[in-house]
Amino acid sequence: MTNENHVPMPRLNEPAPDFDTMTTHGPKKLANYKGRWLILFSHPSDFTPVCTTEFIAFAKAHSDFQALDCDLLGLSIDSVFSHLAWVANIKEKFGVDIPFPIIDDLSMNVAHAYGMIQPGASDTSAVRTTFFIDPDAVLRAMVFYPMSNGRSVQEFLRLLKAMQTSDQHKVATPESWMPGGKVIVPPPKTSEAARERMADASYECADWYFCMKTLNDGLDSQ
């Protein structure tokens, strides 16, 4: 494989690639989101049906993300003028306001920095990528979808709540976890701790390494 076909990829739990760019809400840079979560997501093109359904879903869930101290930031390799026309069209045809900014990335600088360009899919359009950046500007999760299939915005809300719960309570969450559900506690590191864990009625243990509990405060009740 030649270098020209290599797609650089950001890594989880490392600083998110920096950016300083123009959007439909004016200049934006990563530092503007310090102290809050940010979901940066790309779409292949403006004025396309699948992307339109996704933007409508993100717009309708915008207040839910805001309630979790999370901002949204879209991107495609289109001009800010194309973005503005598309936003106006969504308002006219679907009655939905798009409340979050969209990056003008004709230069592809942000798309390349985040590995949004996948040569196997397209050399000139970003595939459907979604990046979760935490309040310390660390990349915490990334999800890639093919150009033909739309994402689940509700899953992104669920994942955000799960990560925030893990951060706050130092726990893991099981498959399909939802707020209010039982969480997985870290396994004990000594034989004595394992015995104590198994004898503690506040935990539900299948074995010493697999224990769950119910949270009674914070994000689990949201």
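Me: Why is the contact between Asp71 and Arg36 called a salt bridge?
Reply: In this predicted model, the side chains of Asp71 and Arg36 approach to 2.9 Å, N to O. A salt bridge requires a side-chain nitrogen of Lys or Arg within 4 Å of a carboxyl oxygen of Asp or Glu, so the pair at 2.9 Å qualifies. Residues are numbered from 1 along each chain as its sequence is written. Local features need pLDDT of at least 70 and side-chain atom pairs pLDDT 80 or more, whereas totals for chains, interfaces and linings use all residues; side-chain values use heavy atoms, without hydrogens and water.

Me: What makes the pair of Asp71 and Arg36 tie together separate parts of the sequence?
Reply: Asp71 belongs to strand S4 (residues 70-76), and Arg36 to the loop between strand S2 (26-29) and strand S3 (37-42), so the parts joined are 35 residues apart in sequence. Strands here are DSSP runs (E, at least two residues), and helices are runs of H or I with at least four, numbered from the N terminus.

Me: Why is Asp71 called buried and Arg36 partly exposed?
Reply: Buried means under 20% relative accessible area, exposed over 50%, and partly exposed in between (1.4 Å probe, protein chains only). Asp71 has 15% and is therefore buried, while Arg36 has 25% and is therefore partly exposed.

Me: How do you know that Arg158 and Glu155 are separated by about one helical turn?
Reply: Both lie in helix H5 (residues 153-169), 3 residues apart, which means a separation of about one helical turn.
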